[in-house]
Amino acid sequence: WGYRTRWSGRDLVLEIRRPPVIDASRPLRGRTIVLDPGHPPVGAHGPSGLWEPVATLAVAQRAKALLERAGATVLLTRTDSSPVDLFPRTRFAEEHDADVLVSIHANALPDGVNPFANNGTSVYYFHPRSAGLARALDRALVGELGVRDLGMGRGDYALVRNPWMPSALTEGLFMMIPEQEAMLGSPEGQLRYARGIVRGIEEFLREMAR
């Protein structure tokens with residue numbers, strides 16, 4: 001399920017995390033899920049001024065309610081717009097012994113890249129153990145949001161590189177596209193993003209229970 005290393009005096013200790021016992025009929029029941037609403041600090045702004053941390057927190061809160069309804073224990077790395085650094089977010093997930101960590105974002109592009117030709121849903125992971133989670137999230141988000149599938153890929157991001165549990169970073173929609181910004185700012189769009197996250201986590205856990 002994961003591993004981590006630490007020094008104990010002059011010895012390098014390798015800790016192995018065993019998979020949890022998952023009920024395939026109700027895979028979310030009894031699981032601890034940590035959701036990370038991406039940013040602040042920083043974060044992208046959409047054409048009308050919607051700030052990414054505001055949108056991602058709304059999505060995370062809706063996903064939390066859905067996951068709890070299915071029997072999971074859900075914790076958020078932040079509950080307001082106060083800045084939280086990256087390392088405390090992954091440490092928070094480890095301190096609460098999370099089974100899964102998902103970081104929720106909305107995408108943007110650097111200057112010189114046409115967002116109208118390069119937008120859609122993408123999901124990132126780092127360790128091979130997290131590839132199944134990323135794949136399930138990507139499928140579920142594309143199905144819920146109905147935008148182009150940019151696929152899953154390996155990304156060297158702190159929220160997926162450091163945790164010793166399966167973890168993924170979602171870029172469900174593009175803040176820079178007016179229609180997608182409007183979706184992120186609407187209760188219906190936030191719920192669709194949240195449902196995609198919940199479906200993805202549930203399908204990953206169900207697959208791991210087999």
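Asn119 counts as buried, at 11% relative accessibility; here buried means under 20% relative accessible area, exposed over 50% and partly exposed in between (1.4 Å probe, protein chains only). The model is a predicted one, in which local features need pLDDT of at least 70 and side-chain atom pairs count only at pLDDT 80 or more, while totals for chains, interfaces and linings use all residues. Residues are numbered from 1 along each chain as its sequence is written, and side-chain values use heavy atoms, with hydrogens and water left out.

Asn119 sits in the loop between β5 and β6 (121-125). Helices (H or I, at least four residues) and strands (E, at least two) are DSSP runs, numbered from the N terminus. The side chain of Asn119 is joined to that of Gln180 by a polar contact of 2.9 Å, and a polar atom of the Asn119 side chain lies 3.4 Å from the backbone oxygen of Phe116. A polar contact is a pair of N or O atoms within 3.5 Å; within protein, one must be able to donate a hydrogen and the other to accept it, and residues adjacent in sequence count only if both atoms are side-chain atoms. Leaving aside neighbours within four places in sequence, Asn119 is in contact (heavy atoms within 4.5 Å) with Arg148, Leu150, Phe174, Ile177 and Gln180.

Attention now turns to the helices. Helix α1 (residues 52-69) has 18 residues and spans 26 Å from its first C-alpha to its last, close to the 26 Å expected at 1.5 Å a residue; the expected span is 1.5 Å times one less than the number of residues. Among the buried residues of α1 are Leu57, Val59, Leu66 and Leu67. Their cover in α1 includes β3 (32-37), β4 (73-76), β5 (100-107), α5 (178-185) and α6 (187-208). Just after α1, Gly71 takes a positive phi of about 100°.

Helix α3 has 15 residues and reaches 21 Å between its first and last C-alpha atoms, close to the 21 Å expected at 1.5 Å a residue. Its buried residues, including Leu133, Leu137, Leu141 and Leu145, belong to a set that packs against β5, β6, β7 (149-154), β8 (167-174), α5 and α6. Arg135, also found in α3 (residues 131-145), counts as partly exposed at 40% relative accessibility. The C-alpha atoms of Arg135 and Val123 are separated by 7.7 Å, with the two residues twelve apart along the chain. Gly146 follows α3 and has a positive phi, near 70°.
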